[in-house]
Amino acid sequence: MDHFLYRNGVLHAEDVPVPEIATAVGTPFYVYSTATLTRHFRVFDEALSGMDHLICFAVKSNSNIAVLKTLAELGAGMDVVSGGEYLRAKAAGVPGDRIVFSGVGKTRDEMRLALTGGVRQFNVESEPEMHALSEVASELGVVVPITVRVNPDVDAKTHAKIATGKSENKFGIPISKARTVYAHAAALPGLEVIGIDVHIGSQLTDLEPFRQAYTKVAELTVQLRADGHDIRRLDLGGGLGIPYERSNVAPPLPLEYGQVIRETVGHLGCEIEIEPGRLVAGNAGLLVTSVIYNKQGEGRDFLIVDAAMNDLIRPAMYDAHHDIVPVIEAEAGADLHPVDIVGPVCETGDTFARQRQLTALGEGDLVAFRSAGAYGAVMASEYNTRPLIPEVLVNGDQFAVIRERPSFDEIINRDKIPEWL
Ligand code: LLP
């Protein structure tokens, strides 16, 4: 469910016609819907109702501080994986005690930053990290609450590049070694062991891997408590998938996911944290682009648009599908033609879709990529010296630019010519 619908044949973002935004900011741009972000947050909140819980939005999926503030005002916490993301959460007004620090390679500087500014907990991923964190905390005279991220060796059945819960992945500590590692953690002066963390991957479209992982976490909770640890918080990660292709079977709903949580860990009396990113932000955003050329190749036609792989890397990187629709709705019964939708970057990988059935489109026509609110703008680069594209937030009939397009001067002036040249 989202708030990007056609009205009188024109695609709208909530109550704002998309062409109006295009005129104001130029293409390409990202546009996000407050109503969709709000709805998705609430759906998770309801799914965990009756359990003591905090929904920590995975900042990596969309880190614009206006998006973070929108969610924080609804009561969201934040899951951050770098000092930069921590500072963004702070800049959005999120209090430290609602910020969870995750990530496999936190530096001592990042630890210092969060320990000074306030943090809810660190999710620790290795023994060397435990030692470093304890040292930094001791230097600062504090004791930091931690969970240890366990790797449950579960197949998340998702794209290999975004599966994290198998033993061959770099994440967490093997669950088989957890009791030893927890004993070490408990002996370190700067740490207070308070819980367990797990995250098995992203874009999961089946609940079974979650059930397996959470069942293992429940068993571990019992063992660790028997060992004398006060396990009172479970961070169950993110990962619930979204329907990228509307014509396909929809993935499970947050309510069903919440039921799995209830059934597997609900009886333990723990506070539950989850870290969804994609499900909150993915279908809350569009990437809007316009057609530069309609090029006829040999046996295939190309729609060359002004967005490229540097703006949205997902198709090139994960062979991801994004539904692509014309902003001005095609007339009912209009002929469809197969086209390859490509960007201007000088790589064959700069292909958004192959042989997609679309109605005829010409120069200047606007096209929208759906499900682009998560892992879109945050993964963009300036490859080919293409400026990062603006982000716009809509709220009812209002819209605001929440990140501006940089000028070429700003981009080029970041480079410096050494004095010998
Ligand atoms: N928590 C941790 C520790 C994570 O590593 C991630 C995502 C999440 C939460 C949020 O997962 P989500 O609910 O968004 O699935 N760039 C890729 C996705 C990478 C996901 C990385 N970790 C893509 O575009 O598909």
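Predicted model: local features only at pLDDT ≥ 70, side-chain atom pairs only at ≥ 80, totals over all residues.
A pair of cysteine sulfur atoms must lie within 2.5 Å to qualify. Cys56 takes part in no disulfide.

Cys346 counts as exposed because its relative accessibility is 68%. The cut-offs behind these labels are under 20% for buried and over 50% for exposed.

The ligand was examined next. The space it takes is the largest pocket. Around the ligand stand 18 residues. Of these, Ser202, Glu275, Arg314, Tyr318 and Tyr375 come nearest. The shell around the ligand is evenly divided by residue class: six residues are nonpolar, six are polar and six are charged.

A polar side-chain atom of Arg314 lies 2.6 Å from a ligand oxygen. Arg314 is also among the residues that come nearest to the ligand. The backbone contributes as well. A polar backbone atom of Gly239 is 2.8 Å from an oxygen atom of the ligand. For Gly277, a backbone N or O atom lies 2.9 Å from a ligand oxygen. On its own, the ligand has 580 Å² of accessible area, and the protein covers 91% of this area.

Conventions: Residues numbered from 1 in each chain as written. Heavy atoms only, no water. Buried < 20%, exposed > 50% of the residue type's maximum accessible area, 1.4 Å probe, protein only. Near = heavy atom within 4 Å. Polar contact = N/O pair within 3.5 Å; in protein donor to acceptor, adjacent residues only side chain to side chain. Areas by Shrake-Rupley, 256 points an atom, 1.4 Å probe, with all protein chains shown as cover. 1 Å grid on protein atoms, 1.4 Å probe; cavity = no way out; pocket = protein on both sides within 12 Å on 5 of 7 lines; lining within 4 Å. Sits in = over half its atoms within 2 Å of the grid points. Nonpolar A, V, L, I, M, F, W, Y, C, P; charged D, E, K, R; others polar.
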